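Thank you all for making time this morning.

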Amino acid sequence: MASESVNSEGAELGRYLRARRTQTSPEHVGLTVGTGIRRTPGLRREELATLAGISIDYYVRLERGKETRPSPAVLDSLARALRMDDQEHQHLRELAARAARYVPEPPPAPGRTVRPHLRLLLESLRPNPAYVISRSMDVLAWNPGGLALYAGLDDWPLKQRNLARYLFLHPAARDLFPDWERQITGCVARLRAVAGTAPDAPDLTGLVGELLLKSPDFAGLWERYEVTGRKPARKTFRHPRVGTLTLTSQPLHVEGTPGQRLGVYTAEPGTPDHDALLLLDMTTSRPAERAASPSEATGLQP
């Protein structure tokens, strides 16, 4: 039986459907649009319901978070109607699964401890920049190049070092990335994918709340509700210390941890990019890893 109350998981499922609906043009799904003025961006609710073969009342309950147990067939129909790719379709299924087994108490924030053997692994990867990040992109451990690659990140206290916060709030980020707009779009999409399946988790809600308040760019992208996972990619850095270099990034999930990932940047040996990595590693002193002071633990910008 459908739930008639609204829980946060059902609301998240509804927000995702609404975002995808309002960003899907009628022409994209094969509908003919008349000459009149459309007051609704994207598809109307009744148009999507018709395309998916469900009643308008049922779809409205879904979008309002009152229906939390859509069948797999309904989810597949909605995904086809909205022309979702495989990753978006899977995210829809995950949101629906969480809505169906909703637990009112938010889970605690995952621990920030990095295992000693991971720290040794980071050191062994030199001169390749490498770091360990949490699911909310907190930088938990690094080798010298892993921290220095993000120019200026070491200016911030330990608890404040977060790659999403860096992209949107650090003054050096726009200069570091020539494709800064593409970087922030991908960053928000990755955070959306994680937050969609844990919308009440304190580590995620705290970061998102801060960025919504401080960054209009983040707020605009957050409303779009695009989702994507981490993929190997080539990134170009205009680094103030070693010049312009293009690297291949490889994110790796760390088994047995609360969502931690290992990020590694590489370049082909013998290339100018690899020479730049060697220079960055050699000229970077290893910062002492210490516990954050009470003032640093707030995670707020100085």
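I will begin with confidence, then turn to the sheet and its helices, and end with the cores.

Please keep in mind that this is a predicted model, and that the protein chain averages a pLDDT of 84, with 85% of the residues scoring at least 70. In the protein chain, the helix with the highest confidence is α8, residues 163-169, at a mean of 97, while the lowest is found in helix α1, residues 8-22, at 83. There are two stretches that I would treat with caution: over residues 1-5 the pLDDT stays under 50, and the model has 9 contacts for them beyond four places in sequence; over residues 287-302 it also stays under 50, with 24 such contacts. Where pLDDT is low, the predicted coordinates should not be read in detail.

Let us move to the sheet, which is open, has 5 strands in the order β2-β1-β5-β4-β3, and shows antiparallel pairing. Because β2, residues 139-142, and β3, residues 233-239, each have a single partner strand, they stand at the edges, and one side of each is left without a neighbour in the sheet. On average, and ignoring direction, neighbouring strands of this sheet are turned by 30° against each other.

The loop between β3 and β4 holds P240, which counts as exposed because its relative accessibility is 68%, a value to be set against the cut-off of over 50%. P240 lies 9.5 Å from A172, C-alpha to C-alpha, although 68 residues separate the two in sequence.

Helix α6, residues 116-124, lies across β1, β2 and β5, running at about 55° to β2, whereas helix α13, residues 272-282, lies across β3, β4 and β5, at about 80° to β4.

Which residues touch the most other members of the largest nonpolar core? In that core of 43 residues, they are Y150, Y166 and F168. Leaving aside residues up to four places away in sequence, Y166 touches Y150, A151, G152, L153, W156, A172, A173, L176 and F177. A second, separate core has 26 residues, among them L13, L43, A52 and V227.

Technical notes: Residues numbered from 1 in each chain as written. Predicted model: local features only at pLDDT ≥ 70, side-chain atom pairs only at ≥ 80, totals over all residues. Heavy atoms only, no water. Core = buried A, V, L, I, M, F, W, Y, C linked by side-chain atoms within 4.5 Å. Buried < 20%, exposed > 50% of the residue type's maximum accessible area, 1.4 Å probe, protein only. Contact = heavy atoms within 4.5 Å. Pairing = 2+ DSSP bridges. Helix = DSSP H or I, 4+ residues; strand = E, 2+ residues; numbered from the N terminus. Axes fitted to C-alpha atoms, helices over the stretch in contact; angles between N-to-C directions. pLDDT = per-residue confidence, 0-100.
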